[in-house]
Amino acid sequence: MNRSAPPEEMAHELAGLARLRLSDDEARSIGSQLDTVLAYLRCLAEADVDGVPEFEHESDEGDQALRADTPGPDGRVEAILAGAPKTRGSLVAVPKFKD
Amino acid sequence: MADDPTSIDPSPRSMSARAMAEAVRSGERSARELTQAYLDAIAERDGALHSYRLVDAEGALARADAIDAERSRGATLGPLAGVPVGLKDNFVTADLDTTCGSRMLEGWRPPYAGSHAARLLDAGAVILGKLAMDEFAMGSSNENTPFEPVRNPWALDRVPGGSSGGTASAVAAGLCALGLGSDTGGSIRQPASLCGVVGLKPTYGRVTRAGMIAFASSLDQAGPLARTVEDAALGLSVLAGADPRDATSLRAPVPDYLAAVDAGREGDLKGVKVGVQRSSLGEGLADSVRARFEASLEVLAERGAELVDVELPHFHLAVAAYYVVATAEASSNLARYDGVRYGASAAREDSPPSSLVELYERTRSTHFGAEVKRRILLGTFVLRSESYADYYGRAMKVRTLLARDYAGAFERCDLIASPTSPVPAWRLGEKLDDPLAMYLSDVFTIGANLAGLPAISIPAGFCEPCDDCPRLPIGLQLTGRRLDEATLLRVSAAHEAATPWAAERPTFEGGQG
């Protein structure tokens, strides 16, 4: 990502990656707001993080917290599919994604 | 309506949730009577506040009747027997729409019950409805919404805070006896502070996340909002504990939180060390908030607590670290709203998309609001391979440093006191076009989320009214050691017992709390 790209261009580029489409007006306003926020976030650079690991929550369980990995019927297929906009039989239908 | 608890037939709404449950268990009150009183109050007063997204009068009364019938049969009723509660609309409910404050989920009826609703119902609670919130819990004012923004019952032209603003407003106005909120960067505590109620964010993992719609999974926690510390403790005791549906929920035993409240109310605070980080009380802190904070410290000291200075050297980087981590996780979590499986979808429109990418883009562009888009884009930026090390990776290391800062401070004190919000409630619209100003208002609350620590906001009084500002509530925040909610509750109860704030109710045009 080119941080020196105009904010509007950066917003369009990020939107493409995030599967969003922005109008030019939206890109202008969101782009300039992102620019302000990113400028603020640069303060992170002042921290000395040499040798510091990325954060992890303490856990008193380890892997014991995981339930047994045994597959079984769910019994809610109909209820789950009821929320889908398009279905075919017990499957969710989508538009073509490959020519 | 009489709100005076000493009158002969006080409104049931003036009782604490704990007293309500006791009255229902003993047969002194019926669950139907309590539920009806709240439904009437909502019908009369919520038109001015918009705290509810959905009121389920029929379901609530049926549930209340079922509890009354159980009692007639001689069944043992739970700790929230007949207590009318409201749930923030990001908690999944099987029989009620769950919109998460977004057009994306408008009309969505979840195919399963979330663990929070299930635990509250198991304890005997009556769910009145779903409470309004910032879209996908992203916001500090409840203005990030495609619906009517929630108003603050202490001043209707002011925000209630966010993102659990609907819950805080409803609890303050007496439109539910106990409220459920979620807190990713202060979303329980900041609205509790702005609305003059108690809000508790538990230790990460103390309460399950199963059935709470994800925003930033390493920061999100559910917790209670209530008028009193005792009721917050009661709510936590029902919600806390391991859940097989959430592998990050902690199995540590759940202490007797109500006993901690009793100890705080009745005993002194001798031996309790309260840390204060003086360097954090600088620029941006309103004079009224500073004054109430100092007064609260005096209250704690008078009760026997020892005040000690502490320093969190990386505190000033917390807002930046938070907005990197939270937006990164949000951009990933919200990828699931693709128009394919549930929720809003461009596939339902008259001219359906001709490709899968078009389905994604049209669905997401139309149904997400501006703040959600901003955060998804920011999260997308910080997770890109070329910015990952400088932003996400670095923020996660700063998070470690901040957690170490807290650990160091807790060698010298038992909890850390601070204001909850640097300012009292601001006017609707005041910060809406300035996201960074809005983000900076979270300065005191986000540290607890980044470090996974429990924190509570309790009423600390009111600002002196002046020309351009009415009398508004101000909150005190206490942050505790991991899994030490009991100390927070004990000290909070001591503060509450020594101050008159918990008894104050808002009066607003269209209603009285």
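The structure is a predicted model, in which local features need pLDDT of at least 70, side-chain atom pairs count only at pLDDT 80 or more, and totals for chains, interfaces and linings use all residues. Residues are numbered from 1 along each chain as its sequence is written, chains are lettered from A and ligands numbered from 1 in the order in which they are written, and side-chain values use heavy atoms, with hydrogens and water left out. In the model, 71 residues of chain B are in contact with 55 residues of chain A, where contact means heavy atoms within 4.5 Å.

**Interface between chain B and chain A**

- The size of an interface is often given as the accessible area lost when the parts come together.
- About 5,500 Å² is buried between chain B and chain A, with carbon and sulfur atoms giving 66% of that area; buried area here is the accessible area (1.4 Å probe) that two parts lose on being put together, summed over both.
- Between the two chains there are 4 salt bridges, each defined as a side-chain nitrogen of Lys or Arg within 4 Å of a carboxyl oxygen of Asp or Glu.
- A salt bridge joins Glu13(A) to Arg384(B), with the closest N and O atoms 3.4 Å apart.
- The count of residue pairs in polar contact between chain B and chain A, both at pLDDT 80 or more, is 21; a polar contact is a pair of N or O atoms within 3.5 Å, and within protein one must be able to donate a hydrogen and the other to accept it, while residues adjacent in sequence count only if both atoms are side-chain atoms.
- On the side of chain B that touches chain A, at least two residues each come from helices H10 (318-333), H11 (356-367), H12 (370-383), H13 (385-409), H14 (435-440) and H15 (446-451) of chain B; helices (H or I, at least four residues) and strands (E, at least two) are DSSP runs, numbered from the N terminus.
- H13(B) gives the largest share of this side, 15 residues.

**Annotated sites in chain B**

- An unreviewed UniProt entry lists residues 33-489 of chain B for "domain: Amidase", a span that is 39% helix and 13% strand and whose end C-alpha atoms lie 30 Å apart.
- For "active site", UniProt (unreviewed entry) lists Lys88(B), Ser163(B) and Ser187(B); they span 100 residues in sequence, yet no two of their C-alpha atoms are more than 10.9 Å apart, so they gather at one spot.
- UniProt positions are given in the numbering used here, with feature names shortened, and annotations may be inferred rather than shown by experiment.
- Lys88(B) lies in strand S2 (residues 84-88) of chain B and is buried, with a relative accessible area of 0%; buried means under 20% relative accessible area, exposed over 50% and partly exposed in between (1.4 Å probe, protein chains only).
- Ser163(B), in the loop between strand S3 (126-131) and helix H5 (165-172) of chain B, is also buried, at a relative accessible area of 0%.
- The side chains of Ser163(B) and Lys88(B) make a polar contact at 2.7 Å.

**Arg375(B)**

- Arg375(B) is found in helix H12 of chain B and counts as buried at 3% relative accessibility.
- Residues touched by Arg375(B), not counting those up to four places away in sequence, include Met138(B), Phe215(B) and Tyr439(B).

**Chain A**

- Chain A has 3 helices and 2 strands, which follow the pattern α-α-α-β-β along the sequence.
- Of the 99 residues in chain A, 31% are buried.
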